[in-house]
Amino acid sequence: MEDKLPDGVSVQLSRKERAFLQHRGEIISAAESIFAEKGYVSTTMEEIARRAEFAVGTLYKFFENKANLHTEILHTKLDQLEKEASAVFESTGSPLEKIESYFLLRISFFWNHQEYFQLLFQETATNVCDSRAGFSPDILERYETFLNRVENIFGQGIKAGQFRPVGKQILALSLEGLLHSYLIC
């Protein structure tokens, strides 16, 4: 079986490597469901192992600890969202069309990945006034990079006269607030 690396290079995976990736994916899927249902603190590795149908010790062959597994889930989905959003940001549409497409993408993405949204919401739920509060430093860094890309689109739209010149950061954070409000409801 062939797989593609991030740079598009094809590689031949052995049966053992394919089995490893399949088992890892099963663990991630089980963990994502339980984290979304119960929250990070209330979830145990024993519950994840039971749901994934593995021994607890097997989980530790794939992930160092619960925090590592939780972080991996957040990063994996964020990678996917960033890839889809990059296609929107790099499209040839006007800034207004890009913001509309981005908004619809975010709604669709979180609709199709509701458990992931629950995980992100749990990360920030205690700090309602700051959408960035509660994120681990690595997730926060990626989130801020993402916001910067949205700000740049708004900046282009301000220059083109498609958006009022109220500040691209204010527009980006307002859009984030609207998205979060819609998704929570």
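Reader: How many aromatic pairs does a search of the whole structure find?

Author: This is a predicted model, in which local features need pLDDT of at least 70, side-chain atom pairs count only at pLDDT 80 or more, and totals for chains, interfaces and linings use all residues. Residues are numbered from 1 along each chain as its sequence is written, and side-chain values use heavy atoms, with hydrogens and water left out. Rings of Phe, Tyr and Trp (its six-membered ring) pair if their centres lie within 6.5 Å; planes under 30 degrees apart are stacked, over 60 edge-to-face, and the rest tilted. The search finds 9 such pairs. Phe109 and Tyr116 form an edge-to-face pair, with 6.2 Å centre to centre and 90 degrees between the planes. Ring pairs also join Phe89, Tyr102 and Phe146 in a cluster.

Reader: Are Phe109 and Tyr116 buried or exposed?

Author: Buried means under 20% relative accessible area, exposed over 50%, and partly exposed in between (1.4 Å probe, protein chains only). Phe109 is buried at 2%, and Tyr116 is buried at 1%.

Reader: At what angle do the axes of helix α4 and helix α7 cross?

Author: Two packed helices are described by the angle between their axes and the distance between the axes. Axes are lines fitted to C-alpha atoms, for helices over the stretch in contact, with angles from 0 to 180 degrees between N-to-C directions. Helices are DSSP runs (H or I, at least four residues), numbered from the N terminus. The axes of α4 (residues 66-89) and α7 (residues 137-159) come within 11 Å and cross at roughly 15 degrees. The two are therefore roughly parallel (angles under 35 degrees).

Note on methods
Parallel < 35°, antiparallel > 145°, perpendicular 65-115°, else oblique.
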